[in-house]
Amino acid sequence: MRILLIGNGGREHAIARSLYNGSPSDMLYAIPGNPGISQYCECIKINPLDFKALCNFVSMNKVGLVIIGPEVPICNGLTDYLLELGVKVFAPREKASLLESSKKFTKEIALENNIPTAAAKSFNVYAESIEYLKKMQPPYVIKADGLAAGKGVFICDSFLEAQTAVHDIFDGRFGLNQSVLIEEFLDGEGISCFAISDGENILPLMGAQDHKRLLDGDKGPNTGGMGAYCPPPILTKKLENKIINLILEPTLSGLKKRDISYTGVLFAGLMSRDGEPSLIEYNIRFGDPETQALLMLLKSNFTELVLDTVNVNLKNHKIQWHDKKSLTIVLANKGYPLEYNIDSSITGIEDAEANKNIKVFHAGTSIVNGELIATGGRVLNVTSTANTIQEARDQAYEAVDKITYKDKFYRKDIAWRGIQSE
């Protein structure tokens with residue numbers, strides 16, 4: 001079979017590795033890919049948002065399966081385009097992707113189906129949103145309604161900070177014509193919960209916890225993610241069953257009521273307090289950097305999992321995991337998530353990977369004149385597996401020290417909650 005992977009980040013590098021390990025005889029392509037992905041796939045320089053060129057490539061090369069990593073092509077309808085060609089696609093259709101592209105839509109699904117979630121109100125007018133804020137007490141939760149690359153959520157401790165966040169969203173920081181969602185603050189512990197749906201059945205995967213804030217102690221602005229680990233000690237079997245019964249299954253049922261079928265990864269961002277989960281948001285693809293940690297623990301065949309999904313056969317799929325812990329540390333460029341340097345030479349990856357329990361995934365790298373260069377805000381994902389979270393973290397930070405490039409930046413406290421609970 002010929003398989004095409006869409007994307008060029010750390011998540012896609014982890015997916016490419018799992019595909020290669022699960023189907024080494026298959027022909028694997030990536031659009032556009034990155035230097036790490038090129039170890040497993042033939043990388044093709046096509047813009048993932050150029051649907052015409054992409055579909056022409058799929059047709060000319062007789063691609064039978066497409067896996068879409070990032071959210072933007074999915075939310076722009078790439079799955080629908082490919083399905084019209086008769087190609088199997090591991091990603092939801094555009095209508096189903098509203099779960100991520102519209103926080104207002106997700107709130108409607110939650111309220112219609114009695115899914116526990118924070119109270120919220122949507123605004124299209126700046127002045128009205130500010131008047132609503134004046135009636136609230138901090139902390140304030142401000143969200144850009146549309147796609148924002150994981151950076152469109154603000155938890156503000158003061159009215160002035162909240163007012164600035166609302167202004168920035170309406171001013172086009174995350175794109176034009178954005179509306180604002182002002183949400184009740186939920187206290188508790190965050191969980192990333194992953195499941196796969198084939199349109200009829202749902203298969204829960206391993207959960208994770210990530211670190212969205214830029215700085216140690218969960219301070220600073222939100223980012224696309226500075227690290228993650230799995231499985232989190234807080235996610236007991238009892239809590240997982242509540243998440244499935246109270247949140248995931250009612251969501252898929254609610255979509256079906258709207259004549260929307262869901263195929264692919266369903267990623268629920270949750271808050272848990274006293275053993276009770278509440279939905280914060282949905283993503284319609286694997287998380288980044290959670291996937292890098294998650295797939296390192298997958299024991300069963302990833303390619304077979306994807307094929308059972310697109311062939312509506314998840315009911316018979318048995319998934320297995322390694323009985324270990326996994327942790328990912330994001331190495332970023334100083335200045336991320338705003339402006340940062342994009343021409344630093346990277347060294348030390350081979351030294352870091354000399355430990356067989358370490359894998360370094362490429363997130364924002366390029367080859368320039370034969371040299372590996374840091375070109376993204378998030379550059380590399382140093383991922384470690386071990387018997388405990390503490391051991392995985394110790395190994396990962398040892399590997400981090402072996403990698404060098406100008407303006408290397410990373411958090412020093414990844415998995416602090418998990419280590420406290422171990």
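1. A word on terms before we look at the strands: two strands pair if DSSP finds at least two bridges between them. Helices (H or I, at least four residues) and strands (E, at least two) are DSSP runs, numbered from the N terminus. With that in hand, strand β20 (residues 358-362) and strand β23 (residues 378-386) run antiparallel and are joined by five bridges. Phe361 has Asn381 of β23 as its bridge partner.

2. Some housekeeping: this is a predicted model, in which local features need pLDDT of at least 70 and side-chain atom pairs count only at pLDDT 80 or more, while totals for chains, interfaces and linings use all residues. Residues are numbered from 1 along each chain as its sequence is written, and side-chain values use heavy atoms, with hydrogens and water left out.

3. Staying with β20, is this strand enclosed or open? Five of its five residues are buried, so β20 is largely enclosed by the rest of the structure; buried here means under 20% relative accessible area, with exposed over 50% and partly exposed in between (1.4 Å probe, protein chains only). In a regular strand the side chains alternate between the two faces of the sheet. In β20, Ile358, Val360 and His362 sit on one side and Lys359 and Phe361 on the other, and both faces are covered.

4. Strand β16 (residues 263-273) is also mostly covered, with ten of its eleven residues buried. Strand β10 (residues 189-198) runs antiparallel to β16 and is joined to it by ten bridges, with Ala195 opposite Leu266. Seven bridges link β16 to β17, again antiparallel, and Met271 has Ser278 of β17 as its bridge partner. β16 and β17 form a hairpin with two residues between them, and Asp274 in the turn has a positive phi of about 55°.

5. Four bridges connect β21 to β22 (residues 371-374), and Thr365 is partnered by Ala374.

6. Now to the packing. In soluble globular proteins, nonpolar side chains tend to be buried together. The largest nonpolar core holds 46 residues, of which Leu4, Val66, Ile68, Leu82 and Leu248 touch the most other members; such a core is a set of buried Ala, Val, Leu, Ile, Met, Phe, Trp, Tyr and Cys residues joined through side-chain atoms within 4.5 Å. Helix α9 (residues 237-257) gives the most to this core, seven residues. A second, separate core of 36 residues includes Leu5, Ile196, Leu205 and Cys230.

7. What does Leu248 touch, leaving aside neighbours within four places in sequence? Its contacts (heavy atoms within 4.5 Å) are Cys193, Ala195, Ile202, Ile243, Leu266, Ala268 and Tyr282.

8. Gly7 lies in strand β1 (residues 2-7) and, at 3% relative accessibility, counts as buried. Beyond its neighbours within four places in sequence, Gly7 is in contact with Glu12, Ile31, Pro32, Gly33, Ile37 and Pro70. Gly7 and Ile67 are 60 residues apart in sequence and 9.1 Å apart in space, C-alpha to C-alpha.

9. For the voids, the search uses a 1 Å grid over the protein atoms alone: a cavity is a set of points where a 1.4 Å probe fits but cannot get out, a pocket is an open set with protein on both sides within 12 Å along at least five of seven lines, and lining residues have an atom within 4 Å of a point. Grid points are joined across faces, edges and corners, and a volume is the space filled by probe spheres set on the points. Two cavities of 30 Å³ or more turn up in the whole structure. The largest has a volume of about 60 Å³, and its lining includes Ile15, Ile67, Phe90 and Arg285.

10. The second largest cavity has a volume of about 50 Å³. Among its lining residues are Leu99, Lys103, Glu183 and Tyr282, and α6 (103-112), β9 (180-183) and β17 (276-283) each supply at least two residues of the lining.

11. Finally, the second largest pocket holds about 280 Å³ of space. Of its 20 lining residues, Thr79, Leu83, Ala91, Arg93 and Thr263 are the closest to its centre. The largest share of the lining, three residues, comes from α4.
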